[in-house]
Structure formats: structure tokens, C-alpha cells
Amino acid sequence: MRGICLILLVLSAAALAMDASPAAPAVPPAAQASAHFDVDAATNAWLSIVPAAGKARSDAYFQGGYWLILWDFLYTAAVMVLLLEIRWSARMRTAAERITRFRPLQSFFYWIEFLVITSVLTLPLTAYESFFREHQYGLSNQNFGSWFRDQLIGLAIALVLGGIAFAIVMAIVRHLPRSWHWWGAAFSAAFFALAAMIAPVFLFPLFNKYTRLPDSSLKREILGLAKANGIPVTDVYEVDASRRSKRVSANVSGFLGTERITLNDNLLNRCSPQAILSVMGHEMGHYVMHHILNAILFASITLTILFGILRWGLDWSLRRRGQRWQVYGVGDTAVLPLAALIVITVSFLTTPIGNSFTRMQEYEADIFGLNTARQPDGEAEVDLLLGEYRKLNPDPIEEAVFFDHPSGRTRIHAAMRWKAENLCLFDPKLACASQTGR
Ligand SMILES: [Zn+2]
């Protein structure tokens, strides 16, 4: 009997805890609704909440990331050149040919050798970047064993899915020697679309535990928001992101009946209900505005250009150094390090384009979220949390080149601009733009 009471007590405490998200931080005076509300002053007031030491640490972390883009590129490029120059790539091809005479399987085995060797050679940089550096800045909760396990799962997925994709691309190159770059691009775009569709359902659960969010007023409000925006979801899930980091996030994923809303536990534990609703409005914006489909279309265009460059670049390099590397044409699996070298060079040089594409979508989702959730102060609260690892106040060129999401300043400014036109929602005595008949 006592046991049952205890269980009931724990359960009701858990249910209470669900409803009792942390209280919203006090809105700074300059950002409170008033007759003389000023967008810039309100934005600065929110930004000035962050202590100088926290801002310095976040700036150092984020700016260090700019250099990592360069080091990642140079290090990986060096590994690819090494594989060609010391003819390891040629040797891996010969080894794969000894295992089987079936060419698609040769491609698959070559891929396994290639991926294992490059993963081992780049492990020091990967470990520094995604484990040691994260701990250095206090952003990770994960121990090394658990981190390494994640890496192995990721590697296993890349071995299987990447191996199948590589075998298919090589078959296309061999069978369509004149037009392989068109078909290769079309196949890669389809593969990318398929991966985007199956990942939330089949791959993400390999890394995290997903549980149904218990019923609460917040959950009902989230489902109402989804319904109002025509999103066919019936449940909200929680994912245990806190076993890795303190980062807050959420998403709306799925298709054809698998649509679901997922909030990470950091968001639930660290944010006020207003902030959670603002994040949900943002994520629903991605869904309603078909951002995944847009990203697939964008990828199709960039892949077509990339395969065109690849065709030209491979022919050009193989004519000059193919004999020396013992790589005998584009249909030879041993060409992979060269292809990878060209791909990473193009993607390194076009970093600002890729970043700007995502950043523009994120900004659109912010505007959608403000209109839907109507929580500009909740938005500012989340933006400051995201500012723990993303520079809050960059200069505009820096933002255009390096930011794949808008900076905290841009996002808070948009929220305060929205608030300025909707002051009556926060104080009935004040005017709203929509009421003044403008
Ligand atoms: Zn987003």
C-alpha cells in the first residue's frame, strides 16, 4: 500500500514537474511593453543580460569554429592526397578485387577499406572537435566511452548506406561514361531525399531514446498550435539530448502519417513555457513552409553543379597524375580520394553559400514562429540560451559568411520588432498595428 502511494506520489510529482517549467526570466525594463517601446533599446536590453565572461567564452568557442572549418579542410585534403600519393588507394582497390569478381561488391569493399582508414586517420581531429573541445567549453555531458559508441554507430551507418550509394554511383559511372555526371547528380539527390525521410524514423532512435510526453497543459497547447497550422500530429515526444549536452532543440519531422513533434529534454528543463512555445512555432514554420523539400531542391541544384565540376576535375587530374597514382580512369574505384578531394574543396569554398541558404530558412521560421506562438520574450529567452555556443553579436559580414542560423542579435531584433507592432497583446492600454487600421 505504501509502495503504491509512493509510486502515485512520484507520478504526480513528475506530472507536476511537466507543467512546472522554469519561470520565464524577468523581461528587462527597456523590453517591456510601453508607449515609448524602442526596438533597438529592447534588443540591447536583452543582450546585456548575458554576463561579460559568458559572452567572451561563447565568442571564443564560436570564432574558434571558423578556424576549424579551415583545419578540417586542410587535414582531410592532406589525408586524401596521401592515399593517392603513396598508392594506398590503388592497393585498397586491388585488395577489394581479390575478394570478389563482382564489381558492385568490389566497390562496396573498397568503400569499407576507405572509410575505416580515413576515419582512423582523422580520429584525432574528430575527437578534439566533438569531444575534448566541447568539454573544454563546458558544453558536453558525455563521457568518452559513450561518445566513442556514438562514433561507432555513425560509422556503421555510413559503412552500410554509404557503401550501397558508392556501389550504385560507380555502376552509373561505368555504364554511362558520357552522361554519368547527370545521372550521378540525380541519384545523389534522390538518395539525399530518402535519407532525410528515413533518418528521423530509423536512424535517430539508434542514438537517442524517444518517449511520449506525459499529458500537460503545455502539451495540449503545443498540439493546439500544430492543429491550427494544419500539422497532422497526435502526439509529442521527448528525446534525451541531455546525456550529450545542455543544448536546447526541437523538431517537427516525418511524412505520410509518421509526422511527430519532438522536444529535447534540455528545452523542457531549461526553458519557460513561453520559450518552449516560441521554439515550437519556429519548428512548425519549417514544416509548414516545406523547408526540407526546399533543402532537397537546393541540394539537387548544387549536386548537379558539383557533378559537373567533378567530371571536369577528375578528367583533368587523371590525365596528369593517374599513372603515378595507379588510378586508371573515372570508373576505377581507386578514384574515390580524388573525388573526395574535389568535393571537399568545392564545399569549403562555397561555405558562405550553404550557410546563407540555411540561415535564410531559419530566419523565415523565426518570423513564422513569432506570428504563430506570439511569444517575442520567449524567443529572446531561447536566443540567449543559444548564445551559449553561438556568437550573439557578430558584424554583418561575419554573420553572412559563418552563420548557419541568424545571430542572437538578429533574432532578438526580429522578436522585438514584432513586439513593437503588437504591444496591445502585452498591455491592453497600448495600440497594435493591426488595430490602428494601417
Ligand atoms: Zn530552425
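A: In this predicted model, searching the whole structure gives one disulfide. The link runs between cysteine 424 and cysteine 432, with a distance of 1.8 Å from S to S. The handedness comes from a torsion angle. About the S-S bond of cysteine 424 and cysteine 432 the torsion is about -95°, so the disulfide is left-handed.

Next, are the two partners buried or exposed? A residue is called buried when its relative accessible area is under 20%. Cysteine 424 has a value of 16%, so cysteine 424 is buried. Cysteine 432 has a value of 3%, so cysteine 432 is buried as well. Another cysteine can be judged by the same rule: cysteine 271 has a relative accessible area of 0% and is therefore buried.

A pair of helices can be described next. Helix H14 covers residues 376-386 and helix H16 covers residues 408-420. Their axes come within 9 Å and cross at roughly 170°. An angle over 145 degrees counts as roughly antiparallel, and H14 and H16 are therefore roughly antiparallel to each other. On the H14 side the contact is made by Pro376, Asp377, Glu379, Ala380, Asp383, Leu384 and Leu386. On the H16 side it is made by Arg411, Ile412, Ala415, Met416, Trp418 and Lys419. Sorted by class, this contact holds eight nonpolar residues, five charged residues and no polar ones.

The model also holds a zinc ion, and its protein donors are His282 (NE2), His286 (NE2) and Glu362 (OE). These donors lie 1.9 to 2.1 Å from the zinc ion. Along the sequence the donor residues follow the spacing H-x3-H-x75-E. Histidine 282 belongs to helix H10 (residues 273-288) and glutamate 362 to helix H13 (residues 351-373), so this pair, 80 residues apart, links distant parts of the chain. Histidine 282 and glutamate 362 are both buried.

Helix H13 also contains glycine 354. With a relative accessible area of 31%, glycine 354 is partly exposed. The C-alpha atom of glycine 354 is 7.8 Å from that of aspartate 404, although the two residues are 50 apart along the chain.

A further helix, H5 (residues 103-136), contains serine 107. Serine 107 has a relative accessible area of 0% and is therefore buried. Beyond its neighbours within four places in sequence, serine 107 is in contact with Phe166, Ala167, Met170, Arg174 and Thr333.

Last, the chain as a whole. The chain has 16 helices and four strands. Of its 438 residues, 45% are buried. The C-alpha trace spans about 80 × 60 × 40 Å along its principal axes. Among contacts between residues at least 6 apart in sequence, 75% join residues at least 24 apart.

How values were computed:
Residues are numbered from 1 along each chain as its sequence is written. This is a predicted model: local features need pLDDT of at least 70, side-chain atom pairs count only at pLDDT 80 or more; totals for chains, interfaces and linings use all residues. Side-chain values use heavy atoms; hydrogens and water are left out. Axes are lines fitted to C-alpha atoms, for helices over the stretch in contact, and angles run from 0 to 180 degrees between N-to-C directions. Helices (H or I, at least four residues) and strands (E, at least two) are DSSP runs, numbered from the N terminus. Angles under 35 degrees count as roughly parallel, over 145 as roughly antiparallel, 65 to 115 as roughly perpendicular and the rest as oblique. Contact means heavy atoms within 4.5 Å. Ala, Val, Leu, Ile, Met, Phe, Trp, Tyr, Cys and Pro count as nonpolar, Asp, Glu, Lys and Arg as charged, and the others, Gly among them, as polar. A disulfide is a pair of cysteine sulfur atoms within 2.5 Å. Buried means under 20% relative accessible area, exposed over 50%, partly exposed in between (1.4 Å probe, protein chains only). Donors are N, O and S atoms within 2.8 Å of the metal (3.2 Å for Na, K and Ca); water is not among the atoms, so sites may look incomplete.
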